[in-house]
Structures are given as structure tokens and as C-alpha cells.
Amino acid sequence: TMIRSRNLVVFGLSLAFVMAPVATSDMLAHSGALNKDVAARMTLMSNMGRNMGVLGKMLQKKAPFDQGKVVEAINNIEQLAVETPKVFEKRVLDPKSEAKELIWEEFKSFTKISTGLAASAKQLSNATKSFDDLRPALIALSQSCKECHSRFRE
């Protein structure tokens, strides 16, 4: 059906996003960020990606399903989402930054996406009990990531 097809497309895009080479981008992003606020933002986003990667690896069966690790990763994502607007409060740009100035022009919208991700993670933390729950949880979480990145990231 149309809804199922749309979900598969969203899932495919979400999984591609999640499984991007996080460790490599993490090392490159921090090598040369001149501003400590920008470096803190990059660290937070790298940690977000790392936790999404934990879920993605389990979904791809590259790591065994472990509910404890799932809950830990989702709880980490929730906390990182809560912290996201705080690390972007200062309007600081750096040549290594991927943040668009639009973040500060539309800070309420930016914050709303982060708040939505935190709320979604909080709900999913207790609801993701089996491997079958992992796919819908990952889709829900990655939709917020994609929404924010497509609008506010270079």
C-alpha cells in the first residue's frame, strides 16, 4: 500500500543516514574546529550519531539485539536532544561548522525539533523491548534527525 511504501522509503533514507561513517566524520569534524562552542556542538552531534549507530547495527544484525544497550542508546539520544538547543544558544560559526545561520534565525523551530526528538526518545525507551520494536523506533528517531539536518545543516 501507499503508506507501507512511504514507510519503506523513509526507513531506507533513515538507515542510510544512521549508518553514515560516524567515527570518521567525528575525527575530521573536531580536527580544526577553532571555537570551543562549535567543538562542543560537533561532539554532541557525533555522540548522537554514535548512539543512532548502535541501534542501526542491531537492526542490520551486525550486532546482536540487546535491550539494555537499546535503552541506553535511546536514553542517551533523549539527553543529547535536550542538550542540543543549549549548545547552539551562542550564534557562533566556524569554518569547520556545518550549522546554517538559519538555526538562529528560526531558533524556536530548531528547538521544537530537538524537543520532539527528546519526547519521542523518552516514549520509545520503554516501548522498544524486542528486535521487532527496533525498526519503528529507529524510523521515529531518525525522522527528527533528518528534519533538522535537511533544514539547518550544510
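**Entry on the model.** I note that this is a predicted model, in which local features need pLDDT of at least 70 and side-chain atom pairs count only at pLDDT 80 or more, while totals for chains, interfaces and linings use all residues. Residues are numbered from 1 along each chain as its sequence is written, and side-chain values use heavy atoms, with hydrogens and water left out.

**Entry on the chain.** I counted seven helices and zero strands, taken as DSSP runs numbered from the N terminus (helices are H or I with at least four residues, strands are E with at least two). Of the 154 residues of the chain, 38% count as buried. Among contacts between residues at least 6 apart in sequence, 75% join residues at least 24 apart, a contact being heavy atoms within 4.5 Å.

**Entry on α7.** I went back to Ser 144, which is found in helix α7 and touches Ile 113, Gly 116 and Leu 117, residues up to four places away in sequence not being counted. Helix α7 covers residues 131-152, and its 22 residues reach 32 Å from first C-alpha to last, close to the 32 Å expected at 1.5 Å a residue; the expected span is 1.5 Å times one less than the number of residues. Buried residues of α7 include Leu 134, Leu 138, Leu 141, Ser 142 and Cys 145.

**Entry on α3 against α7.** I then asked how α3 and α7 pack, and found an angle of about 150 degrees with the axes 10 Å apart; axes are lines fitted to C-alpha atoms, for helices over the stretch in contact, and angles run from 0 to 180 degrees between N-to-C directions. That makes α3 roughly antiparallel to α7, a term for angles over 145 degrees, whereas under 35 is roughly parallel, 65 to 115 roughly perpendicular and the rest oblique. The contact is made by residues including Met 45, Met 52 and Leu 55 of α3 and Leu 134, Leu 138 and Cys 145 of α7. By class, this contact of α3 with α7 has ten nonpolar, three polar and one charged residues, where Ala, Val, Leu, Ile, Met, Phe, Trp, Tyr, Cys and Pro count as nonpolar, Asp, Glu, Lys and Arg as charged, and the others, Gly among them, as polar.

**Entry on α4 and its partners.** I found that the axes of α3 and α4 come within 9 Å and cross at roughly 155 degrees, and α3 and α4 are therefore roughly antiparallel to each other. The residues of this contact of α3 with α4 divide into 14 nonpolar, four polar and five charged. For helix α4 (residues 67-87) and helix α6 (residues 107-127), I noted axes that come within 8 Å and cross at roughly 160 degrees, which makes α4 roughly antiparallel to α6. Among the residues in contact are Ile 74, Ile 77 and Ala 81 of α4 and Phe 110, Leu 117 and Ala 121 of α6.

**Entry on Lys 61.** Last, I checked Lys 61, placed in the loop between α3 (36-59) and α4, which has a positive phi of about 60 degrees although it is not a glycine. Most residues other than glycine have a negative phi. Lys 61 counts as exposed because its relative accessibility is 65%.

Conventions
Buried < 20%, exposed > 50% of the residue type's maximum accessible area, 1.4 Å probe, protein only.
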